[in-house]
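Dear colleague,

Please find below the structure that I am handing over to you. My notes on what was found in it follow directly after.

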Amino acid sequence: MDPTVCYSVKRPWTPLPSDRAAMWLASTYAASGCRVRAVAPTEAAGDDCELLLTNYRVAGSDHNYPVIEIGGDGDTRSMIRLALGRIHGLSPFYQRGDTRAGRTFSGLLRPLGKLLSSHKTPLPAGSDVPDAPSNLGGRRVVLRVNVDWDSRGLDILERWCERFELRPTLAIAGSEILASQQRVRRFIAATNCDIASHSWSHYVVMSSHGRRRQRMEIADNHDYLRQLTGREVRGFVAPFIKYDRRTFELLQECGYQWFIRGWLLHPLPLQQSSLTDLGVSFRFSRGWQDRLLARLGHSDIALQLHLRDLVRYEHLLEHNIRLLLQHGARIIDCETFFRETTGGQ
Amino acid sequence: MKIKIKLTLPGRLNPPDRSAEFELTGHAWTVNTEKLAGSAGDVAHDHGSRSMIRRLADIDPALVDDFRRTL
């Protein structure tokens with residue numbers, strides 16, 4: 001039987017850096033074949049637990065498994081940033097990207113944001129890129145495309161689906177496709193692709209809204225997608241990957257099973273909930289094409305793209321899809337990934 | 001971000017060298033978790049636990065750098 005690793009973090013809903021580090025570590029264990037269970041509080045780890053990862057302080061020696069305690073100096077900074085964000089959230093211009101005043105206000109703040117971010121500690125030179133493994137047979141690449149409406153992007157995706165027999169996940173925000181419903185419906189019928197919800201409004205930070213607005217964003221889009229596609233939608237991707245406790249409660253109410261939030265090497269069950277975080281695990285930063293194959297040597301990867309990225313990097317992405325398939329990787333959708341990794345039905 | 005990792009083994013007093021505090025980079029990760037796993041390896045109560053702790057030191061440094069970029 002696979003060994004069982006438990007994890008327990010203080011803030012599973014809105015994680016601070018030490019929570020994220022603990023969850024990321026748990027996902028590395030999951031990627032290497034361990035069974036990972038979320039427990040709360042830490043005392044509930046139980047007899048089958050063989051290792052506990054936590055950012056709680058674990059007292060004494062009254063447990064019969066090793067414990068790895070994770071702490072960090074970034075938590076206080078993040079708490080302050082969250083509190084400031086909450087105050088900023090009360091200002092009339094916050095989240096008003098759809099009005100001229102909002103856009104102007106955001107534009108005025110941008111140089112200040114850049115100045116503040118320049119204080120961040122520079123990243124290290126980074127580790128060397130290892131050689132790509134010659135055979136990636138069995139490795140999975142999860143392809144998810146968020147729909148920020150661009151018909152050219154959808155045309156490209158349709159061509160790829162036909163040429164490479166892809167079945168990606170489309171994360172759809174209803175308001176984005178209102179004017180192009182027929183086109184999207186035809187695409188779904190032609191490709192039989194997987195559908196996830198991406199909130200109704202798209203440009204919305206869920207965690208800074210109350211339950212009523214969040215319900216509107218989640219439940220309305222859920223109903224809309226169900227009508228559009230005629231099937232159940234079981235995955236949710238929050239814009240800006242911002243969630244709070246209410247978001248997860250509403251997702252469970254609507255019958256969702258998986259969501260995308262963390263930087264994880266492998267899907268991880270969310271503590272105190274029935275949901276699973278499929279995670280994102282590949283960054284399209286400079287030199288990504290050199291790292292893509294090498295990265296698959298360590299684990300499956302979950303990609304996040306937008307329709308506009310497809311237009312911008314069409315040839316580069318197409319070349320890499322071809323390369324992945326030649327090396328034996330499987331390109332799959334989120335629902336299949338969820339089913340295969342969690343045994344969900 | 002500095003990360004602090006402390007390893008506690010069951011039923012034993014844990015000396016301070018079974019904890020490490022370091023800047024989260026691939027290189028530091030390799031060096032420190034290697035030390036941590038080494039200090040626990042001979043006293044961990046069974047083979048299963050030893051390999052679980054060992055796995056911490058086996059995480060590829062490139063993945064650690066990748067993760068740090070998200071913090």
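Among contacts in chain A between residues at least 6 apart in sequence, what percentage join residues at least 24 apart? The share is 69%, where contact means heavy atoms within 4.5 Å.

Please note that this is a predicted model, in which local features need pLDDT of at least 70, side-chain atom pairs count only at pLDDT 80 or more, and totals for chains, interfaces and linings use all residues. Residues are numbered from 1 along each chain as its sequence is written, chains are lettered from A and ligands numbered from 1 in the order in which they are written, and side-chain values use heavy atoms, with hydrogens and water left out.

Chain A in outline

Chain A contains twelve helices and 13 strands; these are DSSP runs numbered from the N terminus, helices being H or I with at least four residues and strands E with at least two. Of its 345 residues, 49% count as buried, that is, under 20% relative accessible area with a 1.4 Å probe, protein chains only.

An open sheet of six strands runs in the order E2(A)-E1(A)-E3(A)-E4(A)-E1(B)-E2(B), with mixed pairing; two strands pair if DSSP finds at least two bridges between them. Strand E2 (35-38) of chain A and strand E2 (19-23) of chain B stand at the edges with a single partner strand each, so one side of each has no neighbour in the sheet. Strand E1 (residues 4-8) of chain A is joined to E2(A) by four bridges, and the two run parallel. Within this pair, A:Tyr7 stands opposite A:Ala38.

Helix H12

Helix H12 of chain A spans residues 334-342, and its buried residues are A:Cys334, A:Glu335, A:Thr336, A:Phe337 and A:Phe338. The cover over them includes strands E5 (140-147), E6 (169-172) and E13 (330-332) of chain A, among others. At the N-terminal end, A:Asp333 caps the helix, with a side-chain oxygen 3.1 Å from the backbone nitrogen of A:Glu335. Just after H12(A), A:Gly343 takes a positive phi of about 75°.

Cysteines

The structure holds zero disulfides over all chains, a disulfide being a pair of cysteine sulfur atoms within 2.5 Å. For A:Cys193, the nearest cysteine sulfur is that of A:Cys161, 6.7 Å away. A:Cys193 counts as buried, at 0% relative accessibility. For A:Cys334, the nearest cysteine sulfur is that of A:Cys193, 11 Å away. A:Cys334 is buried too, with a relative accessible area of 1%.

Yours sincerely

Definitions and conventions. Buried means under 20% relative accessible area, exposed over 50%, partly exposed in between (1.4 Å probe, protein chains only). A polar contact is a pair of N or O atoms within 3.5 Å; within protein, one must be able to donate a hydrogen and the other to accept it, and residues adjacent in sequence count only if both atoms are side-chain atoms.
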